[in-house]
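I opened the model to look up how its parts pack and pair, and I kept the entries below in the order in which I checked them.

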Amino acid sequence: LVQTTLRSTATIEERNGGLTVRFAPLSSPHRSLAVAAACAELNDPAAPFPGTTLGLHFEVSEGRLVG
């Protein structure tokens, strides 16, 4: 699941003084929900992007999230 997520399409954007990594939904809703839960764990506590003071936030686009 992690390998699939890291190989999927994602966007990186700067907003609110931090970087947001938004992964595309995966092939099924339950996979996307699992990745979204992992992202929530990674976001608490917020860690800075290495070498910067920008906070790093992970999320999954809501295209196929069902829960």
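I began with the contacts of Cys-39, where contact means heavy atoms within 4.5 Å, and found that, leaving out residues up to four places away in sequence, Cys-39 touches Phe-23, Phe-58, Glu-59 and Val-60. I noted that this is a predicted model, in which local features need pLDDT of at least 70 and side-chain atom pairs count only at pLDDT 80 or more, while totals for chains, interfaces and linings use all residues. Residues are numbered from 1 along each chain as its sequence is written, and side-chain values use heavy atoms, with hydrogens and water left out.

I then checked Leu-26, which lies in the loop between strand 2 and helix 2 and counts as buried because its relative accessibility is 7%, the classes being buried under 20% relative accessible area, exposed over 50% and partly exposed in between (1.4 Å probe, protein chains only).

For the sheet, I recorded an open arrangement of four strands in the order 1-2-4-3, with mixed pairing, two strands counting as paired if DSSP finds at least two bridges between them. The edge strands, each pairing on one side only, are strand 1 (10–15) and strand 3 (47–48). Helix 2 (residues 29–42) packs on the sheet and touches strand 2 and strand 4 (55–60), its direction making about 165 degrees with that of strand 4; axes are lines fitted to C-alpha atoms, for helices over the stretch in contact, and angles run from 0 to 180 degrees between N-to-C directions. Strand 1 and strand 2 (residues 18–23) run antiparallel and are joined by six bridges, and Arg-15 has Gly-18 in strand 2 as its bridge partner.

I finished with the backbone. Asn-16, in the loop between strand 1 and strand 2, has a positive phi near 50 degrees although the residue is not glycine, and Asn-16 is exposed, with a relative accessible area of 79%. The peptide bond from Asp-44 to Pro-45 is cis, with omega near 0 degrees, and Pro-45 sits in the loop between helix 2 and strand 3.

Methods:
Helices (H or I, at least four residues) and strands (E, at least two) are DSSP runs, numbered from the N terminus.
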